[in-house]
Every structure is written in C-alpha cells, then in structure tokens.
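Hi everyone, thanks for coming. Today I'd like to talk about charged side chains and who pairs with whom.

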Amino acid sequence: MSERPRVSVVVPAFQSEAHIGRTLASLRRQRHTGFEAIVVNDGSTDGTAEAVRRAAQVDPRIRLLEQPNGGTAAARNLGIAAARGDVVAFLDDDDLWHPEKLALQLARLDATPGAAVISCHSALLDPDGRLLGWRLGGA
C-alpha cells in the first residue's frame, strides 16, 4: 500500500483459524476503502497465520505481525505501534463489521470537532447469525 491509510484497523488474533477469514472478509467489504488491517497473531498454534496470509494475498491492505502469546492488550499495543493511519480502530478476531461501519464512524468523527473516540451499537449474534440483542460500546 503506497498511500497512507486514513484508518489502521488492529486485529488481535489467537487461535483464530476457524473464523479470521470471515472477519477479514467483512472488513474488505467496507464502503470506506482507505484502511490498512494489521492482524497481530498472538502466538497461535493453529492455522491462524496461514489464514491471514491467504487473505493478504487477496488484499494487500492486510498485514500480519506475529508475537509470542502475550494477550490481547499486548497484541493491540504491537498493532498500534505499527499503525500508519490517522485513526485506529479495533476489530476482534471473531467479529463482523457492517459494510458502512467505517464510513459512518469517520463521518461522525469529522463532524464532531475535538472528538477523540467514536463508538456504536453492536449486534449480538448466535453462531447461526440470529440476532440476540444489541449493546452500546465495548464488551
């Protein structure tokens, strides 16, 4: 990626082989395309790294960083240190994003002078994709 991205999406990943591909596919469907994805493999022993490498072959905005297992916070910190974007967004390795998420949040950020954080509601889904409810903000 030669152009500086507006958003650096940091994805901490541990033992994520079964779902990281789906998570990254939801990221690639964003209407706002000016992002980089920094996936930090946090010492996984399954095929997480290989799954991310396959996704990166399809989309050069995806980068893989690897570290020994240090936990989610350490993985996020490594991703932040490698970020090149003006804005950092966090995406968990088993989450899916609505295609408008980045575009809508950036529009709100741009329209709110002095804002440092933008959050949104999250849909809670069961393993079959059925809606269980909503929550605002983080976990």
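Let's start with Arg6 and Asp110, whose side chains form a salt bridge at 2.6 Å, N to O. By salt bridge I mean a side-chain nitrogen of Lys or Arg within 4 Å of a carboxyl oxygen of Asp or Glu. Arg6 sits in the segment before β1 (7-13) and Asp110 in helix α4 (residues 101-110), so this pair ties together parts that are 104 residues apart in sequence. Helices here are DSSP runs of H or I with at least four residues, strands are runs of E with at least two, and both are numbered from the N terminus.

Quick word on the source: this is a predicted model, where local features need pLDDT of at least 70, side-chain atom pairs count only at pLDDT 80 or more, and totals for chains, interfaces and linings use all residues. Residues are numbered from 1 along each chain as its sequence is written, and side-chain values use heavy atoms, with hydrogens and water left out.

Next up, Asp92 and Arg76 make a salt bridge at 2.8 Å, N to O. Asp92 is in the loop between β4 (87-90) and α4, while Arg76 is in helix α3 (residues 72-82), so parts 16 residues apart in sequence get tied together.

Buried or exposed, what about Asp126? Asp126 is buried, at 15% relative accessibility; buried means under 20% relative accessible area, exposed over 50%, partly exposed in between, with a 1.4 Å probe and protein chains only. Its side chain meets that of Arg130 in a salt bridge (2.9 Å, N to O).

Finally, Glu36, Arg63 and Arg84 are linked in a salt-bridge network. And how many salt bridges does the whole structure have? The search finds 11.
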